[in-house]
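Please read it alongside the sequence and the structure.

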Amino acid sequence: MFTGIVEELGEVTAVEQLADASRFRLRGPLVTEGAKHGDSIAVNGVCLTVVDTGDGEFTADVMAETLKRSSLGALAPGSRVNLERPMALGGRLGGHLVQGHVDGTGTIVERTPSEHWEIVKVSLPPELTRYVVEKGSITVDGVSLTVVEAAADFFTISLIPTTLALTTLGHKQPGDPVNLEVDVIAKYVERMLGDRAGQDPR
């Protein structure tokens, strides 16, 4: 479980294409401190399992299903990525409950800068529309954010200087893909209400 508070801006150092998967080597001295085989690290909001670590880097295998459902397949050596370690039980929940299970991908539509922040418009897949509400939470490339405007096919977010400086969202341009994870509580509520009504909510 994660919080969507990015700890480190990392970098892809190598990508190995396998038969039905990819192996990524990523640099992140902070998130790899004390990390070992089998630990989890979120990369642009995708929960990956550490295969090995060394010299401030870690390796993770990404299966075909993850490549299909996320934007990780577009990463190449030199790509910057948002990194976060799992939350520790008993710690502060700075963002919201994030699983690292991507629900879909969107695209940066436009950016509108202002004096102290920037409004970013992101396209929204139709199957996720019902989970995104004004002032609700959404995770974009692993960053926990508050929705400013929620429409049928897009939503907007407001990025403060810290988010612009310390995450990949400060560098994303219109046309760039982003990973989206909606609030898991909304999905559970939908499922339970559907079961109560004797309907399959899927």
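The model is predicted, so local features need pLDDT of at least 70 and side-chain atom pairs count only at pLDDT 80 or more, whereas totals for chains, interfaces and linings use all residues. Residues are numbered from 1 along each chain as its sequence is written, and side-chain values use heavy atoms, with hydrogens and water left out.

**Second largest pocket**

- A pocket is an open set of points on a 1 Å grid over the protein atoms alone, where a 1.4 Å probe fits, with protein on both sides within 12 Å along at least five of seven lines; lining residues have an atom within 4 Å of a point.
- A volume is the space filled by probe spheres set on the points, with grid points joined across faces, edges and corners.
- The lining consists of Asn-44, Ser-71, Ala-74, Leu-75, Ser-79, Arg-80, Thr-168, His-171, Lys-172 and Pro-177.
- By class, this lining has 3 nonpolar, 5 polar and 2 charged residues (nonpolar: Ala, Val, Leu, Ile, Met, Phe, Trp, Tyr, Cys and Pro; charged: Asp, Glu, Lys and Arg; polar: the others, Gly among them).

**Largest pocket**

- The largest pocket has a volume of about 310 Å³ and is lined by 17 residues, with Ile-5, Val-143, Ser-144, Ile-160 and Thr-163 nearest its centre.
- Two or more lining residues come from each of strand 1 (8-17), strand 10 (143-150), strand 11 (154-159) and helix 2 (161-166) (DSSP runs numbered from the N terminus: helices are H or I, at least four residues, and strands are E, at least two).
- Strand 10 gives the largest share of this lining, 4 residues.
- The lining of the largest pocket divides into 8 nonpolar, 7 polar and 2 charged residues.

**Positive phi values**

- Asn-44, although not a glycine, has a positive phi of about 50 degrees; its place is the loop between strand 3 (40-43) and strand 4 (46-54).
- Asn-44 is buried, because its relative accessible area is 2% (buried: under 20%; exposed: over 50%; partly exposed: in between; 1.4 Å probe, protein chains only).
- Lys-135, also a residue other than glycine, has a positive phi near 70 degrees and lies in the loop between strand 8 (118-123) and strand 9 (137-140).
- Lys-135 is exposed, because its relative accessible area is 62%.
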